[in-house]
Amino acid sequence: MTGRHALLVPLLGMLLAAGARRSEAGTNVVRNSSFELDSRFNGGPMRQGTESYMTFVKTGDSRLWAELDNAEAWWVEGPGRNGVQVATGDAHSGRRSLLPQPGGRKSASAISAFDRTVGPRPITLSAWVKTEAAKGRIDLDLVSGWQEGARREAQVRGSVELPPSTAWRRLSVTVESPARLQAIARLRAEAGALWVDDVQIESGAGPSAFNVRPEEWLRLAFSGDDSAVLPKWIERRETTARLILRNDSRVPLAGTIVVRYGPWNEPQLHRLAESRAGDLALGSAMAAWTR
Ligand SMILES: [Ca+2]
């Protein structure tokens, strides 16, 4: 590679696309469903720094949602972030969960990102929850657009009430979607404390084993670079760089992982690494070097 402006393009698509083509059934569509991802680019709308497209959605002068700094693709309903935080060290899987806790407020609620669609079929939301003296519910809202979500309305809504006090336990609710609609999860606490983790929205009449969405099974980062910044044109990359590929899938992967890179007009020019996906255990990482 000789260009000064090299584009490093990991191509993991052979593995990921194969899973996505088979069926929507049992495939989670929720972004950052286990709350392990910091606020960063991961396939949603592009942005710069901590800005994001929903941060600036307003009705008149009031802000509709507040972005959580440390939870990609989750939004606090209302103008401020008070009442919702990411809890570390108390999780159903991974290290983190979401903790809506109203305190003296009427309620605290968070919603998932709007850009995830589901088809006309039974749709199931499931989530692992832990509660302490809690009151509240989890909604599965099927909406035709963000405007409807902003009014807290939905074409179809399914709700499940929170158990007042429970150790980690899975809740689920199923609705019939009449058309292709956007599916969002709303996590709402009106009293007490609610920890939520491993939120899944999938096609089907009941919940299947939890997994993060296929786009997040594998995470790629440049060693030494800030991974909170959108992967993009990497300038002045004339020396070698170390790539770290991490497996976040909760179920064993199958197929082959191939990592390639090249300049923008020939992104598959170099084959960096190839590995059987099953050899990369959950939570483990492999490294490859550009050249
Ligand atoms: Ca988690």
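How many bridges pair strand 16 (residues 242–247) with strand 19, and in which sense do the two strands run? They pair over five bridges, in the antiparallel sense. The structure discussed here is a predicted model.

## Overall make-up

The chain has 19 strands and two helices. Of its 291 residues, 34% count as buried. Among contacts between residues at least 6 apart in sequence, 72% join residues at least 24 apart.

## Strand 10 and its partners

Strand 10 (122–143) has 22 residues, 16 of them buried, so this strand is largely enclosed by the rest of the structure. Its pairing with strand 13 (181–203) is antiparallel and runs over 18 bridges. Within that pairing, D139 stands opposite R186 in strand 13.

Strand 10 also pairs with strand 12 (residues 166–176), in the antiparallel sense and over nine bridges. Here T124 has T174 of strand 12 as its bridge partner. Six bridges join strand 10 to strand 11 (residues 156–161), and these strands too run antiparallel. L140 stands opposite G158 in strand 11.

In soluble globular proteins, nonpolar side chains tend to be buried together. The largest nonpolar core in this model holds 43 residues, and those that touch the most other members are L98, A110, A183, A185, L194, V196 and I201. The elements giving two or more residues to this core are strand 5 (74–77), strand 7 (96–100), strand 8 (108–112), strand 10 and strand 13. Strand 13 gives the most, with 11 residues. Apart from this core lies another, of 10 residues, which include W217, V259, L280 and A288.

What surrounds A110, leaving aside its neighbours within four places in sequence? A110 is in contact with W74, W75, V76 and E77, and also with V84, L98, P100 and L187. Of these contacts, L98 is itself listed with A110 among the residues that touch the most other members of the largest core.

How values were computed:
Residues numbered from 1 in each chain as written. Predicted model: local features only at pLDDT ≥ 70, side-chain atom pairs only at ≥ 80, totals over all residues. Core = buried A, V, L, I, M, F, W, Y, C linked by C-beta atoms within 7 Å. Buried ≥ 20, exposed ≤ 12 C-beta atoms within 10 Å, placed from the backbone. Helix = DSSP H or I, 4+ residues; strand = E, 2+ residues; numbered from the N terminus. Contact = placed C-beta atoms within 7 Å. Pairing = 2+ DSSP bridges.
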